[in-house]
Amino acid sequence: MAAEEIRVSGTVQGVGFRPTVYRFAKACGLTGDVCNDGQGVLIRVSGSEEAITQFVARLQTECPPLARINQLTRTPFEGEFKFDNFVISSNINNAITTEITPDAATCPQCQQEIFDPFSRFYRYPFTNCTHCGPRLSIIRAIPYDRCNSSMSAFAMCSECGKEYYDVENRRFHAQPVACHVCGPAAWLERADEKSVTASMFSMLDDVDAVCTLLQKGEIVAIKGLGGIHLACDATQETVVQKLRQRKKRYHKPFALMARDIEIIEQYCIVNAKEKELLTSSVAPIVLLQKKAIGIKEKLLTPHSSLLTQYFIASSVASGQNTLGFMLPYTPLHHLILRRMNRPIVLTSGNLADEPQCIDNDEAREKLGTIADYFILHNREIINRVDDSIVRVMGDKAQTIRRARGYAPASISLPLGFHKVPQILAMGSELKNTFCLLREGEAILSQHLGDLENAATFNAYQESLNLYLNLFEHQPEVIAIDKHPEYLSSKLGKELADTNQIKIYPIQHHHAHIAACMAENGIPLDSPPILGIALDGLGYGDDGTLWGGEFLLADYRKFKRLATFKPVAMVGGEQAIYQPWRNTYAQLVAANLWDDCEQKYADLEIFKFLINKPIKLLNQLIEKGINSLPASSVGRLFDAVAAAIGIYRDECSYEGQAAIAMEAIVDVSSLNNDKEALIYPFIFSFSDSIYRIDPRPMWLALLNDLQQQIPQPILAAKFHQGLAHAIAEMVKHLSQENLIYQVALTGGVFQNCILLEQVTKRLQTLGIKVLTHSLVPANDGGLSLGQAVIAAAQLIHES
């Protein structure tokens, strides 16, 4: 007989892993035990070598739905083996290296139970099991046990206890297990504090009453899994506009939730990959292509007879050709939407850019002037977790916002990073995440938001402290962005000074590229690749603002080979929210303003710009007063959008004009390389760097505007021209450097058309293209890049 100790690490706690081990061990005739500890799961088994091998094979191929094995190590058992049966032993508390499981959407079995009148979980809004339910959102410490979560406030009843301790039950050691008798409860409140009951609406209960309120045009604050949302009927224009005005979110698209796929398919095209994402345990918001729906169209669904089509309010996502849909991911949401045969808006419960509310009293105070009603509950949310956002580009899912369902699952690092000390990377200023690096894996926080908002920065610090404590992470190195004014960088410096540890300032675009390399498994000692990082802006090594960079980079260092011609950001941050400023700066930089006065004075864009304070603008540009030059491709997009009449005067969020321009592109004119359908760019070389100059593009665009070419054609020609210029620059650079792989990164590459066009052209050149999937191309992935660069530099120095 053989005896072995088997160590399993990864996502193996709180996912039904121990009962699975128990069942497989019994089936293979093994004796021994299994327990959780700080490193994952420890298994001790005795039996024939053949039986143990069969047992290990089943563990690796028949994992529970939410489990993920990162590593399984087998070693001979030393000492006396004292087991004559197989048992589940008590947890062992030691050094923590295990993972925390992300929150998971309600599994099919639990869904069935909440709608089954004969189930004790009938209409219970907090039903869960080891295959689904809250994890990160309720945890205070690990190991993941009930006493270390907000479920510690609820003592299990005998029925729940029976299932919890039954190894054959789906709820065996499901830490949040609860029912009507012993668990959390939900209730309905009016914002004006007047009394309200479900009976007033002739409904089954308070949760059921929410559906009626939504149908009646009320705005309801719903306390969910990782935060509180604001909901309304998405087909009622008046109430959607009311929500926008009250929330002070005037243009940014709202997320939508629908009862089932069939309802979503009434409004959007849903392919197989998108359906897989919507129905997965992550249940993210998926950006889907809108359908054109006829005015009197009627549709059949499996749940109803012939239905009149409800139209989604135009203000849900104006200027977009996509809608962000998700399916219900908690029993509460399933129960609310049971009778709802049209979509609802489900957006973060906050004011403008503040963090999402998670506390009942906070919600009453901050959302009382927005919501008409509240559906609240008494299970505390420990960790704020926003909804994740993904988009399918080609056949690949790309993460736009990494949060609920994904965080904090670890990302395995490439070869060469498995023996690095603990590193903390602080992330960026916008779309912030932070990253903990340890023993070959990166733990990326959930999306935390824009730190320029004081409340968000406070929430960022709270989350950082929580993660450091949860994972017992004691960083030996801190990595920050080089921008001296980023709050995350300032905090990183403070932490480094206080703890007397080394700090590594990391260049913004190098971090973008390194993040893409890391998630694509590029080993530490690989030769440099070409990274193309296109975004709004980042602090450059020369003290200027970068945003359109071609860097020959490995994890340790980079060389800047090419960039876009720098153009003044007139008024600094104002240029982000007033796209016309970029148009004017581009025309001045291209020496075309005089031509505009002489040849293009009849154009709308010129008539618009001539009414601006031109003399003052020129002084700002000439003297560099709050108008630093930037090689920003994000601002180039804004400039072109404004020139052709899209959000010319003002935007309410960064990239709004660029996103709207992508939405109107005439796709039928794409994939046509005729010169007439591609705006030209030229290259120049000075100061040891190539520059992409858009001057000829502007000349061609002005001529097209004079010819009154339709907007969709103009937008298509710009996208095609930019993609062609990028590919031609890569072709040119590859003649001077060994380039076999190109990483496409930065927020601009969330533009589906540009990404596809650039990828197609590079692949035609025989170049392998690396893109993002696990982490966002935007600044949400920056902390991963910072962490691996710091690790690589540390290894190189030692």
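These legends go with a handful of close-up views of a predicted model.

The model is predicted, and local features need pLDDT of at least 70, side-chain atom pairs count only at pLDDT 80 or more, while totals for chains, interfaces and linings use all residues. Residues are numbered from 1 along each chain as its sequence is written, and side-chain values use heavy atoms, with hydrogens and water left out.

View A. H377 sits in strand β16, residues 373-377 (strands are DSSP E runs of at least two residues, helices are H or I runs of at least four, both numbered from the N terminus). H377 is buried, at a relative accessible area of 1% (buried is under 20%, exposed over 50%, partly exposed in between, with a 1.4 Å probe and protein chains only). A polar atom of the H377 side chain lies 3.2 Å from the backbone nitrogen of R379. Setting aside neighbours within four places in sequence, H377 is in contact with F126, A185, A186, W187, K223, G224 and N360 (contact means heavy atoms within 4.5 Å).

**View B. Strand β31, covered on both faces.** Five of the five residues of β31 (residues 689-693) are buried, so this strand is largely enclosed by the rest of the structure. I689, R691 and D693 take one side, with Y690 and I692 on the other. Strand β27 (residues 558-564) runs parallel to β31 and is joined to it by three bridges (two strands pair if DSSP finds at least two bridges between them); here T563 has R691 as its bridge partner. Strand β30 (residues 682-686) runs antiparallel to β31, with five bridges, and I682 is partnered with D693. β30 and β31 make a hairpin with two residues between them, and D687 in the turn has a positive phi of about 55°.

View C. Strand β2 (residues 31-37) runs parallel to β5 through three bridges, and V34 has I88 as its bridge partner in β5.

**View D. Helices α13 and α24 crossing.** The axes of α13 (residues 508-519) and α24 (residues 782-797) come within 7 Å and cross at roughly 90°. That makes α13 roughly perpendicular to α24 (the label covers 65 to 115 degrees; under 35 is roughly parallel, over 145 roughly antiparallel, and the rest oblique). On the α13 side, residues including H508, H510 and A511 meet α24 residues, among them L782, L784 and G785.

**View E. The largest nonpolar core.** Of its 79 residues, F550, W698, L701, F718 and L754 touch the most other members (a nonpolar core is a set of buried Ala, Val, Leu, Ile, Met, Phe, Trp, Tyr and Cys residues joined through side-chain atoms within 4.5 Å). Helix α22 (residues 711-734) supplies the largest share of this core, twelve residues. A second, separate core of 42 residues includes V240, L243, I312 and L327.

Notes. Polar contact = N/O pair within 3.5 Å; in protein donor to acceptor, adjacent residues only side chain to side chain. Axes fitted to C-alpha atoms, helices over the stretch in contact; angles between N-to-C directions.
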